[in-house]
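Visitor: I have not read a structure like this before. Please take me through some of its features, one by one.

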Amino acid sequence: MKDIRNYRLLKHNTFGIDAACSRFIEFATESELMLLLRRERFAENGERLLILGGGSNLLLTGDFDGTVLHSAIMGIEDITAFEGEAGDSVLLRVGSGVVWDDFVAYCVKNGWSGAENLSLIPGEVGASAVQNIGAYGVEAKDLIERVEAVEIATGERVAFERDDCRYAYRQSRFKQDWKNRFVITYVTYRLARTFVPRLDYGNLRDYLFGQKQLEQAALTARDVRDAIIDIRRTKLPDPAELGNGGSFFMNPVVPRAKYEELAARYPNMPHYDVDAERVKIPAGWMIEQCGWKGRRLGPAGVYDKQALVLVNLGGARGEDIVALCEAIRHDVSERFGIEIQPEVNVV
C-alpha cells in the first residue's frame, strides 16, 4: 500500500491541473482497504476524503486539504460457473482499479459482447459503477450485476445488486445519498456470448455501413469497438496533448412540452426520446448554437470539434475552467431556458 504525504495530483487528473493533496493512499487489495479504514476512522475524525479513479471525471479547483484514496485492485475473474449461470451469459468480477477500456478490450477479445459501445471511455472500473457511464445507446447499468464495496465508517464489506444502486442517466446512489460512504472494490458485469449490435445512436450506423461499407450480417463486436474508437478519436482530444475531462456537461432531459416549444423555434434541433413524457436534448448542440464552440476564456476553452468538451489550453487553473463553465451555462439558460449541469466532479 502506498501512503504519501503532500502528494501532487497532476498525473491523476486528465484536465492537467497541478494541485496537491495532504495525503495520498493507494490500496492494492480489499483487505488492505478494510484494515486502513478500521485503523484510521476517517469518518470519526472528520477528515476530508476524495475517492479517486482515473481522474477523468474530476476538476480540481485547488489543493485538496484531505486524504485521497485510490484503488489499485486489479484482475478480471470469470465467475459464471461459480454463480451457477448457464446459457448465453458470462459474469465477470472486475477489480475497481482496472482501466475501463482494458476491460472492454478483454471482453471483445474473448467474444463477449455488450460493452463494445462503451469503448475508449476514460477512467477505471470503480468509477463506471458510480457515474453510470454511457455512450452510443448503452450505459454501465445495462451490464452491472453487482457492486462490492467497503463501508468507510466501519471497514466492513458490503455488496449491492444493480437495483439497489438506483441507476439513472449519469446517476447512482454512490453520487447521491451514498456519496463518500463506500469505496468500491469490485464490480460484476453480465456480458453476452451472442453478439446483438446496438447501432441506433448518433452516427454509428452511417459510419459502419456507409463510410466503412461493412455488411450487417457479418458485423462483429470488434467492428463496433473499432468504429467507436475511430469516431471518438476524431471528436475528443487526447488528454496527454490537451487537458480535458471528456464531456463536461450532461445532456438535459426535459418535459416533452418544453421540447415541443423549442422544436417550434429550432426545427432541426436534435433530440432523443427518453419516454412518452421526457426528451433528451444534446447539450453540445445548445452550446454550439450559443457560439461557444472553439472559443476560449483565458487559458480555458471549448474544443473546436466537440462543444461538450472544455479544455485546458495551457496553464489553466480549476477556477478558469469553472469560469468558462458558468459563462456557458448562463448563455444556454438565457437562450433556451434550460439549466445544463456539469457531469464532472468539481472539487
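Visitor: How many bridges join E14 to strand E16?

Guide: Two strands pair if DSSP finds at least two bridges between them; helices (H or I, at least four residues) and strands (E, at least two) are DSSP runs, numbered from the N terminus. Here three bridges join E14 to E16 (residues 278–280), and the two run antiparallel. Pro255 stands opposite Arg278 in E16. The model is predicted: local features need pLDDT of at least 70 and side-chain atom pairs count only at pLDDT 80 or more, while totals for chains, interfaces and linings use all residues. Residues are numbered from 1 along each chain as its sequence is written, and side-chain values use heavy atoms, with hydrogens and water left out.

Visitor: In what order do the strands of that open sheet lie?

Guide: The order is E14-E16-E15, with antiparallel pairing. E14 (253–255) and E15 (272–273) are the edge strands and have a single partner each, so one side of each lacks a neighbour in the sheet.

Visitor: How many residues of strand E10 are buried?

Guide: Buried means under 20% relative accessible area, exposed over 50%, and partly exposed in between (1.4 Å probe, protein chains only). In E10 (residues 144–151), eight of the eight residues are buried, so the strand is largely enclosed by the rest of the structure.

Visitor: Which strands pair with E10?

Guide: E10 pairs with E12 (residues 182–192) in the antiparallel sense over seven bridges, and Glu148 stands opposite Tyr186 in E12. E10 also pairs with E11 (residues 157–161), again antiparallel, over five bridges; there Val147 faces Phe160 in E11. The hairpin of E10 and E11 has five residues between the strands, and Gly155 takes a positive phi near 75 degrees in it.

Visitor: How do I read a helix such as H6?

Guide: The expected span of a helix is 1.5 Å times one less than its number of residues. H6 (residues 221–235) has 15 residues and reaches 21 Å from its first C-alpha to its last, close to the expected 21 Å. An α-helix has 3.6 residues a turn, so residues three or four places apart point the same way. The buried residues of H6 include Val224, Ala227, Ile228 and Ile231. What covers the buried residues of H6 includes helix H3 (100–109), strand E8 (134–135) and helix H5 (204–211).

Visitor: What lines the second largest pocket?

Guide: On a 1 Å grid over the protein atoms alone, a pocket is an open set of points with protein on both sides within 12 Å along at least five of seven lines, and lining residues have an atom within 4 Å of a point. The second largest pocket has 21 lining residues; Leu120, Ile121, Pro122, Asp238 and Pro239 lie nearest its centre. H3, H6 and E13 (243–247) each supply at least two lining residues, and E13 gives the largest share, three residues.

Visitor: How many disulfides are there?

Guide: A disulfide is a pair of cysteine sulfur atoms within 2.5 Å. By this rule the count is zero. The sulfur of Cys107 is 19 Å from the closest cysteine sulfur, in Cys165, too far for a bond. Cys107 is buried, at 0% relative accessibility. For Cys290, the closest cysteine sulfur is in Cys325, 13 Å away, also too far for a bond.

Visitor: Is Arg296 buried or exposed?

Guide: Arg296, in strand E17 (residues 296–297), is exposed, with a relative accessible area of 53%.

Definitions and conventions:
Contact means heavy atoms within 4.5 Å. On a 1 Å grid over the protein atoms alone, a cavity is a set of points where a 1.4 Å probe fits but cannot get out, and a pocket is an open set with protein on both sides within 12 Å along at least five of seven lines; lining residues have an atom within 4 Å of a point.
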